[in-house]
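Biologist: Before we use any of the labels that go with this structure, I would like to go through them one at a time and ask what each of them rests on.

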Amino acid sequence: MHWRWSSCPTVTHSPRVKRAPAQEWCASWVRLPVSGGPEATGAAFLYLPVLTWPQPAESARTAGARSDTVTGVTDADQSQDNSTDPTGGATARSVLVTGGSRGIGRAIAERFAAAGHRVATTSRSGEAPAGVLGVRCDITDAGQVEAAFTQIEEAHGPVEVLVANAGITKDTLVLRMTDEDWQQVIDTNLTGSFRVAKRAVRPMIRGRFGRIIFISSVVGLLGSAGQVNYAASKAGLLGMARSLAREVGSRGITANVIAPGFIETDMTAELADDLVAGYKKQIPLGRLGATEDVTAAVEFLAGDAAGYITGAQIPVDGGLGMGH
Ligand SMILES: NC(=O)c1ccc[n+]([C@@H]2O[C@H](COP(=O)([O-])OP(=O)(O)OC[C@H]3O[C@@H](n4cnc5c(N)ncnc54)[C@H](OP(=O)(O)O)[C@@H]3O)[C@@H](O)[C@H]2O)c1
C-alpha cells in the first residue's frame, strides 16, 4: 500500500498529531503497526490521518447556557443574537420605567433620558418627562401590558433595561384590611412587576442582554405596622428577582432589587410631621432620601459596571434597614 504524505495539506513526516490553522480541519494521526505488535522494537508503522472539524471555541455568551427546558426558549429564539438588535451592543439602551409619571419613577426616567438612552414610561395617568415616550398602561391588566410593550418595541426596539417601579399603598391595620386592600396592592406591586418582567425577558434572552431592576422597599424586610399588604408585596420582589437571576443569568441578564427607605415623593407627602420626625430619629443619616439617591443606584445597576451583580438587594435607606 502506498501512502502519499503530500495528500494532506498539514502533513509533515514527523508529528503524530498536527493541528491545522484555526478554523480549518484538524488531522489526528493513527499509528498502525504493519508488522509485529506496537511494542515490537524496530517495527514499521503506517500513519493514517483522522480528519475532524474543530468545534468553535465556547464563547463567554454561550458558556454555561442551559437547556431549553429551563428557559423555555427555542433554538429559533436563540439564533437571534445581539448583532440584529437595533442597539448593536452600543451604550444607549432601550429603557422602560413603569410608574414613570411622578416620584421616583419619573426621576429615574429623566436620568436615563439625560444620559442618552431611549426611554419609555408607563402609568395610568399623568405625563412622561420631556424626551421620554409616555405610554398609558395599567400594569394590573395583562392586555395593556402587552400593548404597551408592542408600542415601545416599535419605537425603541426591545426593552433592554426594565425598571419595575410602579407601586401603590393601601395602609391599614390587619384587622381592618379588606381582601380588596390586600389584592390591589399585591396585584400592582408584585403581580404587576411579574407581568412586565415576564414580558421583557424573552426579547432580552434573544438579545443576550438585560437588566431587570425591581423597586422594592425597606419595609419588605423590616416590616411595618399597617402595611401587611405592602410589605408582603415588596418582600416578594426579592424572591422573584433571585429566582429570575438563576433562570436567565446565563443569558447575560441580571435581576436585582433596590430597597429605598423613606424618599420624599407624593407617596410619603401624606405622612404626618410627627411621624416623619420619628422616622428621622431611626435613620442613621438623619434625613429622608431624595429621588436622586435612588436614581443613582438604578443607573449603577443598569450600567456595564454592574454586569457581575445579580440577585442582589441594594438598600437606599440612610441605614434604616441595616442588618436585614
Ligand atoms: N417614596 C418612598 O418613600 C418609597 C420608599 C420605598 C419604596 N418606594 C417604592 O418606589 C416606587 C415609586 O414610589 P413613589 O414614591 O415614586 O410613588 P408615587 O409618587 O405614588 O408614583 C407611583 C407611580 O406608579 C404609577 N402606578 C401606580 N399604580 C399603577 C398601575 N396600576 N399601573 C401603572 N402605573 C401605576 C403611578 O402612576 P398612575 O397613578 O398615574 O398610574 C406613578 O407614576 C413604588 O414602588 C414604591 O412602593 C417608595
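Modeller: The secondary structure of this chain, which is a predicted model, comes to 10 helices and 10 strands. Of the 324 residues in the chain, 37% are buried, and residues 24 or more positions apart account for 64% of the contacts with a separation of 6 or more.

Biologist: What makes Ser 101 count as buried?

Modeller: Ser 101 has 21 C-beta neighbours inside 10 Å, and the label asks for 20 or more, so Ser 101 counts as buried. Ser 101 lies in the loop between β4 (94-98) and α3 (103-114), and, leaving aside neighbours within four places in sequence, its contacts include Arg 106, Thr 121 and Glu 127.

Biologist: And how do you know whether Asn 165 is buried or exposed?

Modeller: Asn 165 has 28 other C-beta atoms within 10 Å, and because the cut-off for buried is 20 or more, Asn 165 is buried. Asn 165 is found in the loop between β7 (161-164) and α5 (179-207), where residues such as Val 97, Gly 99, Ile 108 and Ile 215 are among those it touches, not counting residues up to four places away in sequence.

Biologist: Why is Ala 277 called exposed?

Modeller: Ala 277 has 9 other C-beta atoms within 10 Å, and since exposed is the word for 12 or fewer, Ala 277 is exposed. Ala 277 belongs to helix α9 (residues 273-282), and its C-alpha atom is separated by 9.7 Å from that of Leu 288, 11 residues apart along the chain.

Biologist: Which residue does UniProt list for "active site", and what makes that residue buried?

Modeller: The unreviewed UniProt entry lists Tyr 230 as "active site". With 23 other C-beta atoms within 10 Å, against a cut-off of 20 or more, Tyr 230 is buried. Tyr 230 has its place in helix α7, and beyond its neighbours within four places in sequence it is in contact with Thr 169, Asp 171, Val 185 and Val 219. The "binding site" annotation of the unreviewed UniProt entry also covers Tyr 230, with Ser 101 and Asn 165 among its other residues.

Biologist: Now to the helices: how are two packed helices described?

Modeller: They are described by the angle between their axes and the distance between the axes.

Biologist: Then why is α5 called roughly parallel to α7?

Modeller: The axes of α5 and helix α7 (residues 228-248) come within 9 Å and cross at roughly 15°. Angles under 35 degrees count as roughly parallel, and therefore α5 is roughly parallel to α7. The crossing is right-handed, and the residues that meet include Trp 182, Val 185 and Phe 194 in α5 and Tyr 230, Leu 237 and Met 240 in α7. By class, this contact of α5 with α7 has 14 nonpolar, five polar and two charged residues.

Terms used: Residues are numbered from 1 along each chain as its sequence is written. This is a predicted model: local features need pLDDT of at least 70, side-chain atom pairs count only at pLDDT 80 or more; totals for chains, interfaces and linings use all residues. UniProt positions are given in the numbering used here, feature names are shortened, and annotations may be inferred rather than shown by experiment. Helices (H or I, at least four residues) and strands (E, at least two) are DSSP runs, numbered from the N terminus. Two residues are in contact if their C-beta atoms, placed from the backbone, lie within 7 Å. Axes are lines fitted to C-alpha atoms, for helices over the stretch in contact, and angles run from 0 to 180 degrees between N-to-C directions. Angles under 35 degrees count as roughly parallel, over 145 as roughly antiparallel, 65 to 115 as roughly perpendicular and the rest as oblique. A crossing is left-handed if the near helix is turned anticlockwise from the far one by less than a right angle, and right-handed if clockwise. Ala, Val, Leu, Ile, Met, Phe, Trp, Tyr, Cys and Pro count as nonpolar, Asp, Glu, Lys and Arg as charged, and the others, Gly among them, as polar.
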